[in-house]
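I opened this notebook to record what I looked up, entry by entry, in the structure shown below.

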Number of protein chains: 2
Amino acid sequence: MPLMTSWVASANDADHPFPLNNLPYGVFSIGDGEPRCGVAIGDSILDITEAEAQGLIQLTDTPLFDVPFWNELMEEGPAVWAALRERLIALLSEGAEERDKVEPLLVERADAEMHMPFAVSEYTDFYAGRHHATNVGTMFRGAENALPPNWLHIPIGYNGRASSVVVSGTDVRRPWGQLKGPNDDRPRWAPCARFDIELEMGAIVGTPSDGPITVQEADDNIFGYVLLNDWSARDIQAWEYQPLGPFQAKATATTISPWIVTKAALEPFRTDTPEREVELLDHLKDCGPMLYDIDLAVTLAPEGKGESTIARTNYNEMYYSAAQQLAHHATAGGPMNTGDLLGSGTISGATKESRGSLLELSWGGKEPITLETGEERSFVEDGDTLTLKGAARGDGYAIGFGDCVGRVLPALDDPFAR
Amino acid sequence: MPLMTSWVASANDADHPFPLNNLPYGVFSIGDGEPRCGVAIGDSILDITEAEAQGLIQLTDTPLFDVPFWNELMEEGPAVWAALRERLIALLSEGAEERDKVEPLLVERADAEMHMPFAVSEYTDFYAGRHHATNVGTMFRGAENALPPNWLHIPIGYNGRASSVVVSGTDVRRPWGQLKGPNDDRPRWAPCARFDIELEMGAIVGTPSDGPITVQEADDNIFGYVLLNDWSARDIQAWEYQPLGPFQAKATATTISPWIVTKAALEPFRTDTPEREVELLDHLKDCGPMLYDIDLAVTLAPEGKGESTIARTNYNEMYYSAAQQLAHHATAGGPMNTGDLLGSGTISGATKESRGSLLELSWGGKEPITLETGEERSFVEDGDTLTLKGAARGDGYAIGFGDCVGRVLPALDDPFAR
């Protein structure tokens, strides 16, 4: 598919993240105004709440965009999702008849503050990148036992904490926690000293389900994708995670990029999952190309300094697709709801430069990485800004995600010393 | 504290679960009517939604009970919680002046269908009963390594799935899942063969928090308690839970009792946690008696047959209180919200008869229990009805919870054979 041209001139640049082919959904505000729904097009945002109020967009009998989140559209299902996309393309294409009505509803993206694009119902994080699981397993259990016995048979996941999900740009405070290092006789209460990132994609459930669903049904139910940084306190995690999994190590924050990139925009970039070492059980088998060819990168900028790219990888490195994760998630019969967020798991490639966490990049702190500014990093330091970037590259256009940014603030003074 | 007498005569029976001292909060409907908020008093329910509509109860400028859940009151905090309790006692006490206005708002509890009493924001399950952790640890890792190294230092917990929480009376469908038994070469897709219960208490967060809180603050933020059965698929759990904890094994259903028993009603029954084997870090230390003396029992009734009591224990067997769990939950800085539900973990006593799961009662299926009807049970069978019961015993009165009931339906035919 080639670039679709728009009368919004900035959207026609081959490198622009938000051409007409993309049309990602977000929630924005200008100045002291209320947050409202918007679609990114080039350097602008189309005010969808206003477009609906003026009758330019009418998808259902009752309004969908009079609330500052996209859940009401997400709940409507694929036919209404397609109708909105078709309507937006008609309104924003080169030569659109209604341009004069639409143009007054554009605002400068540079002036906008972005908010959470949807209300997160529940958040689940997976562990479905093979290179990441192998790297972490090798560090903790040795190369012989790197992958747990179940790893090649099910997408391992754990429930996370929806209340901790924040939008790009939100500062992240280094947490305190209970931890016990190799030199400690006893556990102690201390600020996290091994604070880390995880480069992930997040899949957002649109259509709800109630009971087991096929991988194809799961794929149909997914509304779109975001970049996702699952901040991780490695020292807290090491002490707490046996036997029931990570808990407070993952409860500080999970940052997502501000724009939901729809499945429709990503359709031309579908790719196959990697070859299977062992055959999956029927209910988890691929039913077509289920991953996406999306270039990903992580940058780190120390306070007041320029950014260094510390990792480059691609979403097609995952072993399990989001649809397979969602199908597995529904097997035991519990409902999956509109607004459920599924983290892919850390995305690492085969090479050292393609590892999606500092834990892997610095090999547990034993091999610090050197930034372009000359500083070394084993884990995240106070004042560092971490940014995830993602884009699918088409024929003369790109599908960008908008950066997923978080700056780390120093830990509070001991919150209990009072 | 003695029995407080009410003009609702049935509430004055020393064994009645719902005397004036209790006043638990639920959501009920009659016939085809809409669900509404109600307070149990004796054999009746006082229609709180209607009482507020008629101006008999007015706590805030805007209505709190025009919705079929108690979250709006829960959000208001302890002063408003106390004001409601005081007002209800004034309206329902022996000799109440406004009895003639209140009496028409009573309905027969026997005629009511009960619904979820609150909207669950997020659900967390802990593993904070020492006998249970020791039993399970002994079965899986041997007596020498029964308790994980962190167990005596933090209340171990994992995030569960809020969408799976259902009210007492909801049938529970035996799940399918991926499992691999000791005699299996490969994992397979099959109905769960080791379906189990977990006898727990659930603590409900009322006042939200955003950042670390003390144990005392956590206790202040708790609104009330319910009985909680965390249905568990042991064979699915055994295959999936390493390294990131239980996932689909706990996703089928978690049943709660229909009435929220308030902290105020339980106040006379506070007891200390057990003696500490190792000192807790300061931020998790007890700040007073933090558990409650609540007798608990589990009954099992095979289809069409009478019930047998299979376990009797007490909430005071817990090692960590709900307040300590909530304080730990908040350490890493993530928000805790109104409607968050915290499962205590399985409550087992020291004796065989006081174990709160069939896994422990039948010692992993090796020692099936015999019911009063003569049948044996290692795990739950199709058609079995499992009931949790709980009551605190005061001086001439009881504080009951209302039964927490679930009947197990057979697994569906293979949901993917289509």
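Predicted model: local features only at pLDDT ≥ 70, side-chain atom pairs only at ≥ 80, totals over all residues.

Entry 1: I then turned to the UniProt record, which places the feature "domain: Fumarylacetoacetase N-terminal" at residues 21-117 of chain A, in an unreviewed entry. The record, again as an unreviewed entry, places the feature "domain: Fumarylacetoacetase-like C-terminal" at residues 124-408 of chain A.

I looked up the secondary structure of both annotated spans. Residues 21-117 of chain A are 32% helix and 24% strand, with the end C-alpha atoms 19 Å apart. Residues 124-408 of chain A are 15% helix and 32% strand, and there the end C-alpha atoms are 23 Å apart.

**Entry 2: domain 1 against domain 2 in chain A.** I asked which three residues supply more than any other three of the area that domain 1 of chain A buries against domain 2 of chain A. They are A:Y25, A:M74 and A:W81, which supply 29% of that area.

For the polar side of this interface, I find zero salt bridges between domain 1 of chain A and domain 2 of chain A, while four residue pairs, both members at pLDDT 80 or more, are in polar contact across it.

**Entry 3: chain B against chain A.** I next looked up the contact between the chains, where 59 residues of chain B are in contact with 59 residues of chain A. The area buried between chain B and chain A is about 5,500 Å², with 59% given by carbon and sulfur atoms. B:R161, B:L244 and B:F247 supply 15% of the area that chain B buries against chain A, which is more than any other three residues supply.

How many salt bridges are there between chain B and chain A? I count four, and over all chains the structure holds 52. One that I recorded pairs A:R161 with B:D340, whose closest N and O atoms are 2.4 Å apart. A:R161 lies in the loop between β7 (157-159) and β8 (165-167) of chain A, and B:D340 lies in the loop between β23 and β24 (341-343) of chain B, so the pair joins two chains. I also recorded the salt bridge of A:E122 with B:R161, in which the closest N and O atoms are 3.6 Å apart.

Across the same interface I find 30 residue pairs in polar contact between chain B and chain A, both members at pLDDT 80 or more. Several elements of chain B each supply at least two residues of the side that touches chain A, among them β6 (123-126), β7 (157-159), α7 (234-240) and α9 (322-329). β7(B) gives the most to that side, with three residues. The residues of the side of chain B that touches chain A divide into 29 nonpolar, 20 polar and ten charged.

**Entry 4: backbone features.** I kept in mind that most residues other than glycine have a negative phi, and that most peptide bonds are trans. In chain A, a cis peptide bond joins A:Q242 and A:P243, with omega about 5°, and A:P243 lies in the loop between α7 (234-240) and β17 (254-256) of chain A. In chain B, the peptide bond from B:Q242 to B:P243 is cis, with omega near 5°, and I place B:P243 in the loop between α7 and β17 (254-256) of chain B.

A:W363 lies in the loop between α10 (358-361) and β25 (369-370) of chain A.

Definitions and conventions
Residues numbered from 1 in each chain as written. Chains lettered and ligands numbered in written order. Heavy atoms only, no water. Buried area = accessible area lost by both parts, 1.4 Å probe. Salt bridge = Lys/Arg side-chain N within 4 Å of Asp/Glu carboxyl O. Polar contact = N/O pair within 3.5 Å; in protein donor to acceptor, adjacent residues only side chain to side chain. Contact = heavy atoms within 4.5 Å. Helix = DSSP H or I, 4+ residues; strand = E, 2+ residues; numbered from the N terminus. Nonpolar A, V, L, I, M, F, W, Y, C, P; charged D, E, K, R; others polar. UniProt positions renumbered as here; feature names shortened; annotations may be inferred.
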